[in-house]
Amino acid sequence: LHRDCDTSLQSSSQRDFIATMPKPLADLLHPEAADEKRKHKLKRLVQSPNSFFMDVRCPGCFAITTVFSHAQTAVMCPGCANVLCHPTGGKAHITDGCSFRKKPE
């Protein structure tokens, strides 16, 4: 039978087969942004790094310093010598009171 035929002309086994056919779960060419962010950097549809540069503002003197998101050393403020961020196993942890913004690419 053709797919365009009326379902009343189809046998019950054909209707059961059509009803149990798997439906597409996700659009692989247009994934959700949140799903892409969770994936490993090499397994995304378009590979992109997880790291970035950011401007961090010191809470004491309001000086702005550029810091790498995965800094491996403690970053000090050039104006007042406060610690702006300290390293962890992955991303650097920004000190409480410091504000930051991601630098545009």
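From the N terminus onward, the elements of this chain run α-α-β-β-β-β-β-β. That gives 2 helices and 6 strands, where helices (H or I, at least four residues) and strands (E, at least two) are DSSP runs numbered from the N terminus.

Before going further, let me state the basis of what follows. This is a predicted model, in which local features need pLDDT of at least 70 and side-chain atom pairs count only at pLDDT 80 or more, while totals for chains, interfaces and linings use all residues. Residues are numbered from 1 along each chain as its sequence is written, and side-chain values use heavy atoms, with hydrogens and water left out.

I turn to the chain as a whole. The chain has 105 residues, of which 18% count as buried; here buried means under 20% relative accessible area, exposed means over 50%, and partly exposed lies in between (1.4 Å probe, protein chains only). The accessible surface comes to about 8500 Å², and 59% of it belongs to carbon and sulfur atoms. Such areas come from the Shrake-Rupley method with a 1.4 Å probe, and for residues only the protein chains shown count as cover. As for contacts, meaning heavy atoms within 4.5 Å, consider those between residues at least 6 apart in sequence: 23% of them join residues at least 24 apart.

Next, the interior. In soluble globular proteins, nonpolar side chains tend to be buried together. In this model, the largest nonpolar core has 13 residues, and those with the most contacts inside it are M54, V56, V67, V75, L84, C85 and I94. By a nonpolar core I mean a set of buried Ala, Val, Leu, Ile, Met, Phe, Trp, Tyr and Cys residues joined through side-chain atoms within 4.5 Å. Strand 1 (53-57) and strand 4 (83-86) are the elements that give two or more residues to this core.

Which residues does V67 meet, leaving aside its neighbours within four places in sequence? V67 is in contact with F52, F53, M54, V56, V75 and C85. T65 lies in strand 2, residues 64-68. T65 counts as buried because its relative accessibility is 14%. With neighbours within four places in sequence again left aside, the contacts of T65 are M54, D55, V56, V75, P78 and L84.

Let us move to the loops. Between strand 1 and strand 2 we find A63 and also F62. A63, at 23% relative accessibility, counts as partly exposed. Beyond four places in sequence, A63 touches V56, R57, C58 and C77. The C-alpha atoms of A63 and G79 are separated by 6.8 Å, although these residues are 16 apart along the chain.

F62 is exposed, with a relative accessible area of 57%. Most residues other than glycine have a negative phi. F62, which is not a glycine, has a positive phi of about 60°. A81 is likewise not a glycine and has a positive phi of about 65°; its place is in the loop between strand 3 and strand 4.

Q72 sits in the loop between strand 2 and strand 3 (75-76). Is Q72 buried or exposed? Its relative accessibility is 72%, so Q72 counts as exposed. From Q72 to G89, 17 residues along the chain, the C-alpha separation is 8.5 Å.

N50 belongs to the loop between helix 2 (33-38) and strand 1. At 34% relative accessibility, N50 counts as partly exposed. Not counting residues up to four places away in sequence, N50 touches K41, R44, H70 and K91. N50 and H40 are 10 residues apart in sequence and 8.8 Å apart in space, C-alpha to C-alpha.

Finally, the pockets. On a 1 Å grid over the protein atoms alone, a pocket is an open set of points where a 1.4 Å probe fits, with protein on both sides within 12 Å along at least five of seven lines; lining residues have an atom within 4 Å of a point. Grid points are joined across faces, edges and corners, and a volume is the space filled by probe spheres set on the points.

The largest pocket holds about 260 Å³ of space. Its lining has 13 residues, with P49, S51, F52, K102 and E105 nearest the centre. That lining divides into 4 nonpolar, 3 polar and 6 charged residues. In this division, Ala, Val, Leu, Ile, Met, Phe, Trp, Tyr, Cys and Pro count as nonpolar, Asp, Glu, Lys and Arg as charged, and the others, Gly among them, as polar.

The second largest pocket has a volume of about 150 Å³. Of the 12 residues lining the second largest pocket, D27, L28, P31, E36 and K39 are the closest to its centre. The lining of this second pocket comprises 4 nonpolar, 1 polar and 7 charged residues.
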